[in-house]
Amino acid sequence: SRQGLLQIARDKFMNVNFAMSIPTGVVNATCLYGDNLYIGTDNGLVVVDKNWKSVSTPAVRALAKVRIRDIEADSRGNLWFCLYQDRGLARLSPDGRLTTIDAAAGLPDSNVRCAIELKNGDLAVGTKSGAAIVRDGKVVKTYREKDGLSNPTILCLCEDGDGTLYCGSDGGGIFAFKDGRLTRHLTHKDGLESGVILRMLYDADSRGIWVSTGNTFSFYDFSRIRSIRFRAQISSGIFDIKKNIDGRLMLLADTGIHLFDTAELLADKNPE
């Protein structure tokens, strides 16, 4: 070019919307299931194959225009969809059948935000009005205000190494349940910088739980909560926390994907 020599390199990112020739939109969840990528949006389910071609399935048609907040695959080959608009929790079985569990079937609320598979194979489910445990397709336990869940709107869930279930709420902090009983309620008095818990990740290597409270980040080592500082600019939120294959922590935020060495984060040495 007239401005000098340019080096052109392949982008690190794959634009799925561009590859599929579909409009951009709000994506709340993605999940690899078999050979396909399942994408949960505010306007239904999108499924693409390994060649980035759209796949029409009965689940895609059944969940058309439904807001999908989370998608989780379990160890039994089921795929779970957390649905809003009073649609409940949908399960896609390995044989292709789609069934739904809602408030009429025992969930605290039919607006479901998140779900995780527990170590014993049960599914923990977070809803707008409490949490629930699902076993073999049936609700076997619920956690509501009467069970100590003073703020019942659950934004995220996490299980630690000894089977304690942590429920992150929308303003009330973190509620910990062990063997069906409330064992601890963590708030700003315990070190949380906000009661809104966007995401938690149990890290066995670091022996604790990473916590996103929006644009602040913390670590809970089961005795105290530490605020974690870093130079990356986070303006409105850390929306997900993942452990990268190389052991680094991956923070998915409004300003991009930030990778950190966990030891540097915990050492408070201005990590890169």
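Residues are called buried under 20% relative accessible area, exposed over 50% and partly exposed in between, with a 1.4 Å probe and protein chains only. By this scale W52 is partly exposed, because its relative accessibility is 29%. The model is predicted, so to speak of local features a pLDDT of at least 70 is needed, side-chain atom pairs count only at pLDDT 80 or more, and totals for chains, interfaces and linings use all residues. Residues are numbered from 1 along each chain as its sequence is written, and side-chain values use heavy atoms, with hydrogens and water left out.The chain contains three helices and 22 strands, where helices (H or I, at least four residues) and strands (E, at least two) are DSSP runs numbered from the N terminus. Its C-alpha trace spans about 70 × 50 × 25 Å along the principal axes. The radius of gyration, taken over C-alpha atoms, is compared with a globule rule of 2.2 Å times the number of residues to the power 0.38. For 272 residues a compact globule would have a value near 19 Å, and the chain agrees with 20 Å.

Of the 272 residues, 46% are buried. The accessible surface comes to about 14,500 Å², and carbon and sulfur atoms hold 48% of that area; the areas come from the Shrake-Rupley method with a 1.4 Å probe, and for residues only the protein chains shown count as cover. Among contacts (heavy atoms within 4.5 Å) with a separation of 6 or more, 38% join residues 24 or more positions apart.

Turning to charge, Lys and Arg count as positive and Asp and Glu as negative, with His and the chain ends not counted. Each charge is placed at NZ of Lys, CZ of Arg, CG of Asp or CD of Glu. The mean positions of the 35 positive and 33 negative charges lie 2 Å apart.

The aromatic rings come next. Rings of Phe, Tyr and Trp (its six-membered ring) pair if their centres lie within 6.5 Å; planes under 30 degrees apart are stacked, over 60 edge-to-face and the rest tilted. The structure holds nine such pairs. One of them, Y143 with F177, is tilted, at 4.2 Å centre to centre and 35° between the planes. Y143 belongs to strand β11 (residues 138–143) and F177 to strand β14 (residues 174–178), so this pair ties together parts 34 residues apart in sequence. Y143 is buried at 6% relative accessible area, and F177 is buried at 2%. Ring pairs also link W210, F217, F219, F230 and F260 into a cluster.

Positive phi values are found at two loop residues that are not glycine, W52 and D136. W52 has a phi near 65° and sits in the loop between β3 (44–48) and α2 (58–62). D136, with a phi of about 55°, lies in the loop between β10 (130–135) and β11, and D136 is exposed at 64% relative accessible area.
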